[in-house]
Amino acid sequence: MLINYPFIAVFFIASVIFPFIPLIMGYLVAPKRPTEGKKSTYECGLEAIGDIWVQFRVQYYLYAIAFVVFDVEVVFLYPWAVSFGQIGVFALIAMSIFLLILVASLIYDWRKGALEWI
Amino acid sequence: MELLIQIIFVLISTLILGAAVMVVRTRNVIHSALWLIASFFGIGALYLLLEAEFLAIAQVLIYVGAISVLILFAIMLTHNVTSGEGHKFYQRWWLALLVSLMLFAVILVPTLVGQDWTITARPSEESAIAGAVEMGTAFMREYLLPFEIAAVLLLVALTGAIVIAYEERAQRRRILTLAQELALRKQQQQNHAEE
């Protein structure tokens, strides 16, 4: 099983190295004649105002946590699906209860209006 | 082969520990979160080395994919913590050191005393112990109750977040978006026409 992974390792190493190649190429090849205007921070052509830190709205967090919850649900669905043949009807009931509990949270989410972007 | 696996293990462990040290070393909280993602990724690679492919995929999907986004949003939700007063987080570093040493001792002490960590109930070399099929059957048989409780835990996480978020919002005045305001005006006009 582990013998298959050298190929993946090669791809992984290549994908780590690849982003640096244009940077190094740019460093070596590109002409550098900096002026005041070139060195200034560019932000949509306007002067940058204030700090880069912006306080996000809580809505983003709610979306992220809903994503985590249903991501975990899908991850649980996979081993259930591949072992379904060995368990049978009981697995269907157990997973139905699992999904019903999560659907309850989705309904609460929905009724509270957390799915809408206000 | 055995030696190669050892070398890869050391490389991955160095990556995990280095990233973990950078999490606490760096002053920028966002950079801490990014190093934490690197650490999570290394743990996924360790699972892969243990031939627990499903766990590795789950680690990358949940921790690298979802939890990291949650952490980043949670950081961005706070007020600006990076500027100025960053130093107050480092004053009680000895407390953090104590807690992490105690947690490390939880693993280290049984190892020194002579706890046998080897897996006894491995049926054969071919069948994985943490494969998807094995985990699926285990969830449906021995670990059915923890499995269902996990659903309740997820339910609590989501509803809890909503309750806390909306408590704050209820205090604020509600501002309608343009679309909502148009819909409201249309409804009022309809009501007017019916009268």
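**Notes on a predicted two-chain model**

1. Let's start with charge: chain A carries 7 positive and 8 negative side chains, with the centres of the two sets 10 Å apart. Here Lys and Arg count as positive and Asp and Glu as negative, leaving out His and the chain ends; each charge is placed at NZ of Lys, CZ of Arg, CG of Asp or CD of Glu.

2. A word on ground rules. This is a predicted model, where local features need pLDDT of at least 70 and side-chain atom pairs count only at pLDDT 80 or more, while totals for chains, interfaces and linings use all residues. Residues are numbered from 1 along each chain, chains are lettered from A, and side-chain values use heavy atoms, without hydrogens or water.

3. On confidence, the model has ipTM 0.73 and pTM 0.73. Chain B averages a pLDDT (the predictor's confidence in each residue, from 0 to 100) of 82, and 82% of its residues score at least 70.

4. Chain A has six helices and zero strands, counted as DSSP runs (H or I, at least four residues; E, at least two). Its radius of gyration, taken over C-alpha atoms, is 25 Å, well over the 13 Å that the globule rule (2.2 Å times the number of residues to the power 0.38) gives for 118 residues, so chain A is more spread out than a compact globule. Its C-alpha atoms fill a box of roughly 70 × 50 × 15 Å along the principal axes.

5. How much of chain A is buried? Of its 118 residues, 26%, where buried means under 20% relative accessible area (1.4 Å probe, protein chains only).

6. Chain B splits into domain 1 (1-81) and domain 2 (135-195), with bounds from an automatic or database domain assignment. Their C-alpha centres lie 31 Å apart.

Note on methods
Buried means under 20% relative accessible area, exposed over 50%, partly exposed in between (1.4 Å probe, protein chains only).
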